[in-house]
Amino acid sequence: MRTSADVVIIGAGVTGAALAYTLAKRGVRDVLLLERRFPCAGATGRCGGGIRQQFTSESNIRLAMGSVRIYEGLSEELDYDIEYVQGGYLVLAETEEEVALQREAVALQNELGLPSRALAPEEVWEIVPLFDIRTIAGATFCPTDGHANPFRVVEGYLRGAKRLGVELQKFTEVTDLIVRGGKVTEVVTSRGRVAAGLVVNAAGAWSKRIAAMAGVELPSRPVRHEILATEPIQPITDVMVISLHTGIYFSQTAHGQIVGGIGDPAERPGYNIRSSLRFLLRFLRELVRHIPALGQLTVLRQWAGLYDVTPDAQPILGPTPGLANFIQANGYSGHGFMIAPKVAELLADYIERGEVSEDLARLSLSRFEGEVREEAFVVG
Amino acid sequence: MNEPIVCRCEEVTLSQIIQAIEEGYDTLEELKRHLRVGMGPCQGRTCLPLVARILAEKTGRPLSEVMEEISVRPPLAPAPIALLLGGEDED
């Protein structure tokens with residue numbers, strides 16, 4: 001392992017991998033990527049793989065739209081198939097309030113150039129023929145949303161980054177950060193010390209602990225989200241379905257499996273990632289309610305991962321107030337995979353040229369000093 | 001092709017596994033994510049002991065250490081959804 005690097009990135013999930021590649025592509029090649037376990041061991045390798053642009057906050061919509069533009073060409077750019085499927089996202093509403101919220105969201109999304117639209121329940125049949133439309137009051141659809149294989153996205157980025165000189169060290173845990181003169185100067189790891197020009201905290205739900213090593217308090221907390229996969233079946237849909245009402249989301253992977261999860265309002269913050277029977281039954285009940293035919297399948301596997309949740313459900317990005325060379329890239333609140341490619345570009349703009357874009361400024365850690373406005377669509 | 005298949009569910013061959021280990025996927029969890037070994041209907045009951053042995057031989061690490069790396073994920077055998085929801089009220 002090298003003993004110094006211009007940029008040290010902590011965490012080899014999608015955020016760290018995308019940033020390492022993007023920096024190297026622009027010529028910032030003295031990059032060391034540190035991973036406590038192995039690439040994709042955390043939330044990225046446990047997520048549903050959805051890539052959605054239908055959000056309610058302007059910055060989330062813009063970041064996601066920017067990401068989709070990158071995802072569209074990523075297999076080709078990385079010369080590695082990321083199994084990207086642009087089959088659209090169907091967002092379900094069950095109450096009139098949710099339908100009204102959707103109407104507002106679509107208006108903002110359209111204003112920003114997103115081709116989302118409101119659907120009557122009958123129109124949902126055309127998109128997911130097996131759907132029981134009696135279960136919904138309305139829906140929205142955006143045909144340019146989609147999903148990809150998270151393992152392959154990270155792998156593609158890492159291969160690209162390594163070709164350009166980035167060094168990845170797995171099974172290397174960061175144990176301390178040394179701060180001198182308003183900067184993080186050194187990263188202490190389980191395998192030695194590294195002098196750093198700049199340090200990026202992309203450690204997902206563990207970012208809070210990494211930040212604390214430099215005396216920085218992040219307002220985020222880890223929250224378990226569970227997920228499962230059924231047996232593979234013949235292709236029935238390209239669409240990712242999510243519900244504003246219950247927080248269920250599911251799609252069919254390139255492999256044919258139905259993969260999905262459901263949020264649980266009773267979940268307490270913490271680092272527990274055990275699987276529960278409660279989740280299994282809650283998810284299946286909702287899945288089969290919407291698409292009864294899926295009741296014929298078997299469940300192969302369930303697992304869990306951690307959302308890194310901030311008070312406004314939006315990420316914490318960019319330089320840390322008081323520690324200009326300590327860059328935050330965390331707090332994604334369950335949406336990191338969707339926006340990582342665009343975030344990597346914005347962070348690279350800052351690292352390469354000191355440029356702070358409007359979105360980066362808006363998502364700085366300093367925003368929590370004032371009043372916060374929450375993203376309303378926190379689903380997979 | 002007469003190549004031995006190690007993971008029958010996902011049709012992963014012996015040479016694919018050896019190549020992946022040589023490329024640096026040198027833990028069971030990484031091999032699983034990279035090649036999908038053990039992610040099919042048998043959930044690794046057939047192939048993971050074989051993959052673990054290949055991995056131990058290639059890396060010179062003890063088999064017991066290699067086996068410890070894999071996490072067990074429920075349900076242990078494919079579980080029919082209808083059966084799981086069977087006790088619940090139908091509407």
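Helices (H or I, at least four residues) and strands (E, at least two) are DSSP runs, numbered from the N terminus. The model is predicted, so local features need pLDDT of at least 70 and side-chain atom pairs count only at pLDDT 80 or more, while totals for chains, interfaces and linings use all residues. Residues are numbered from 1 along each chain as its sequence is written, chains are lettered from A and ligands numbered from 1 in the order in which they are written, and side-chain values use heavy atoms, with hydrogens and water left out.

**Exercise 1.** Place A:His147 in chain A and describe its surroundings.

*Solution.* Begin with the secondary structure: A:His147 belongs to strand S7 of chain A, which covers residues 146–147. Next take the accessibility, where buried means under 20% relative accessible area, exposed over 50%, and partly exposed in between (1.4 Å probe, protein chains only). A:His147 has 5% relative accessibility and therefore counts as buried. Last come the contacts, meaning heavy atoms within 4.5 Å: when neighbours within four places in sequence are left aside, A:His147 touches residues including A:Gly49, A:Glu83, A:Tyr84, A:Asp238 and A:Thr253.

**Exercise 2.** Describe the build of chain B, and explain why it is more spread out than a compact globule.

*Solution.* Chain B has 5 helices and 3 strands, and along the sequence these follow the pattern β-β-α-α-α-α-β-α. Its radius of gyration, taken over C-alpha atoms, is compared with the globule rule, which is 2.2 Å times the number of residues to the power 0.38. Because the radius of gyration of chain B is 16 Å, well over the 12 Å that this rule gives for 91 residues, chain B is more spread out than a compact globule. The C-alpha trace spans about 55 × 35 × 20 Å along its principal axes, and 42% of the 91 residues count as buried.

**Exercise 3.** Describe the contact between chain B and chain A.

**Exercise 4.** Examine the backbone at B:Gln43 and at B:Pro75.

*Solution.* B:Gln43, although not a glycine, has a positive phi of about 55 degrees; B:Gln43 sits in the loop between helix H2 (28–35) and helix H3 (48–59) of chain B, and is buried at a relative accessible area of 16%. The peptide bond from B:Pro74 to B:Pro75 is cis, with omega near -10 degrees, and B:Pro75 lies in the loop between helix H4 (63–68) and strand S3 (79–80).
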